[in-house]
Every structure is written in C-alpha cells, then in structure tokens.
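Student: Please take me through the pockets, the strand pairing and a few of the residues in this model.

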Amino acid sequence: MVDADAARGIAARLAEVRDRVAEAVDAAGRAPGTVHVLLATKTQPLALVRAAVLAGGTLIGENRVQELVDKGPGLADLSPEVHLIGHLQSNKVNQVLPWTTCVQTVDSIELARRLATRALGAGRVLDVMVQVNVSGEESKFGTAPAAAGDLAARVAELPGLRLRGFMTVGARSTDERIVRSGYARLRDIRDATVGSAAAGTADATELSMGMSGDLEAAIAEGATMVRVGTAVFGARPAP
Ligand SMILES: *Cc1c(COP(=O)(O)O)cnc(C)c1O
C-alpha cells in the first residue's frame, strides 16, 4: 500500500503534467486532447503504479519484460492500457503478449514476424509502433531513420499486427534545435508512411515522443503521445 500523501503527490504531479501538455498543445496551435500522456513506470513499485492509474493515468508503459509480467496481474482489476516501451528480445515475445496491447519498440522485421505469429496464434491483433533512432546515438535502440519507412511498410503488411505509428527516444542534448529536428524527422517518416497509402498504413498516425524533460519540444513537432516518468513519480528507485 502507498500512504495517502504519496498517492496525493502522484495525483498532483499528474495534474501538473496534464497542464504542461495542454499549454504546449495550445502553444503549437493544435486541438485540445490530441496528445495522450503515457506513464513510464520502470522500476516503480506496483503500489505507486496503482496510485497513478487510480489518479487517472490509464495509459502505462513498461520497459522491461520482467516488470511487465510481474506488475501485470496486480493491475488487471484496474485494466489500464499497458504498452511495452523498452527493447524486446525475440525470445521473450511469448511472455509479453498477455500483458500488453501495444509494443512500441519494433525495430526489425524478424521481431515483427515473431510478434505477428504469436498474435495470430492467440487469435488477436497486436498494436505495434516502429522504433526509430532519430539521434543516431549508439546507446539507443531503434532502426535508422533512412530504413524506417521500408520497415514500417513491411510491418504494416503482416496479419496479426496493426501498425499504429512511430516511437523514438529523443537526442540527449540541451540544444532544443537538435532535439526538435529529431522529432521533426520522426514526423516526416510518419507522414510519408501514412501518405504512401500502402496496405496497413492508414492507422500509423501515432508519434510517441517526448519525456519529462522535453515534452514541449515533442508536442511542438507533433507528438501524439508523450511518455512521462520522473515528472509524475519523482526520481526512480534503482532497479
Ligand atoms: C524512462 C523512460 C521514459 C520517461 O523518462 P522520464 O525522463 O522519467 O520522463 C520515456 N520513455 C522511455 C522509453 C523510457 O525508458
């Protein structure tokens, strides 16, 4: 259990984040309600995640398969929408499917095929996004921007998957122009994919980009989903 103070703190910070998002949406001249807040809950204990869901944060993102599987049963009664936002190894595909509706981190056709096979076997359609490494930083996962359109087109054709859009972790830079140009690149990739009108690309409209420190920049460049951790939960406990 979390104490009432901790739960109130989470609710208050979530409200602050929603205010920041609303202001950024307005500043960008975009329509209200066009940006969803996903709570990045890595290393947060189940009790705090539950408090956040009860405060209205019904879209959750987990990074690690083990945490997804560990917290999944304890969240089931609140039925949040849970996405996988961390790297997925092919050999763990079967573990994630029961606990997620969307894998945001598809970065190879092999991984996409495995997910498709599992989803079909389970008689369902799994939402996916293609993860793109817009900054080119070596520490980051994701396909290269130049290869992203081709990968997306191939993923979109797979039965069992529904391509929902693109995800990136922005550049680690204090220069806002660098951060924004990466996000603009993801938007261009999304626009080209949807604009291609190729099979399965019509729903690929989402841009999952922006975190606690740079969500304004991401929203200015068209983010439809920002992934927020520390701004709601405070500093993360060590894993
Ligand atoms: C941790 C994490 C976030 C949230 O980061 P904060 O800076 O805590 O808001 C977003 N996306 C991914 C993929 C993450 O791993």
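Student: Which elements each supply at least two residues of the lining of the largest pocket?
Tutor: The model is predicted, so local features need pLDDT of at least 70 and side-chain atom pairs count only at pLDDT 80 or more, while totals for chains, interfaces and linings use all residues. Residues are numbered from 1 along each chain as its sequence is written, and side-chain values use heavy atoms, with hydrogens and water left out. Helices (H or I, at least four residues) and strands (E, at least two) are DSSP runs numbered from the N terminus. The elements that each give at least two lining residues are α7 (176–196), α8 (215–220) and β8 (225–228).

Student: What is the volume of the largest pocket?
Tutor: The search uses a 1 Å grid over the protein atoms alone: a pocket is an open set of points with protein on both sides within 12 Å along at least five of seven lines, and a cavity is a set where a 1.4 Å probe fits but cannot get out. Grid points are joined across faces, edges and corners, and a volume is the space filled by probe spheres set on the points. For the largest pocket that volume is about 770 Å³.

Student: Which residues of its lining are the closest to its centre?
Tutor: A residue lines a pocket if it has an atom within 4 Å of a point. The largest pocket has 33 such residues, and α7 gives the largest share, three of them. The closest to the centre are K42, K140, V169, M211 and R227.

Student: How many of the lining residues of the largest pocket are charged?
Tutor: Ala, Val, Leu, Ile, Met, Phe, Trp, Tyr, Cys and Pro count as nonpolar, Asp, Glu, Lys and Arg as charged, and the others, Gly among them, as polar. On that scheme the lining has eleven nonpolar and twelve polar residues. The charged residues number ten.

Student: Which element gives the largest share of the lining of the second largest pocket?
Tutor: The second largest pocket holds about 200 Å³. R18, V21, G33, V35 and V37 are the closest to its centre among 13 lining residues, and α1 (4–27) and β1 (36–40) each give two or more. By class the lining has seven nonpolar, four polar and two charged residues. The largest share, five residues, comes from α1.

Student: Which residue is the bridge partner of L84 in β4?
Tutor: β3 pairs with β4 (102–106) in the parallel sense, over two bridges. The partner of L84 is V103.

Student: Which residue of β7 stands opposite F166?
Tutor: F166 of β6 (161–167) is the bridge partner of V130, and six parallel bridges join β5 (126–131) to β6. On pairing with β7 (206–208), β6 is again parallel, over three bridges. The residue opposite F166 in β7 is L207.

Student: How many residues of β6 are buried?
Tutor: Buried means under 20% relative accessible area, exposed over 50%, and partly exposed in between, for a 1.4 Å probe and protein chains only. β6 has seven residues and is mostly covered. Those that are buried number six.

Student: Which residue makes a side-chain polar contact with E62?
Tutor: E62 lies in β2 and is buried, at a relative accessible area of 2%. A polar contact is a pair of N or O atoms within 3.5 Å; within protein, one must be able to donate a hydrogen and the other to accept it, and residues adjacent in sequence count only if both atoms are side-chain atoms. At 2.8 Å, the partner of E62 is T41.

Student: Which element gives the most to the lining of the largest cavity?
Tutor: The largest cavity has a volume of about 30 Å³. Its lining consists of E62, E67, L68, K71, G72, L75, V82 and W99. Five of these residues come from α3.

Student: How far apart in space are R227 and L39, C-alpha to C-alpha?
Tutor: R227 sits in β8 and is buried, with a relative accessible area of 3%. In sequence, R227 and L39 are 188 residues apart. In space, the C-alpha to C-alpha distance is 5.8 Å.

Technical notes. Two strands pair if DSSP finds at least two bridges between them.
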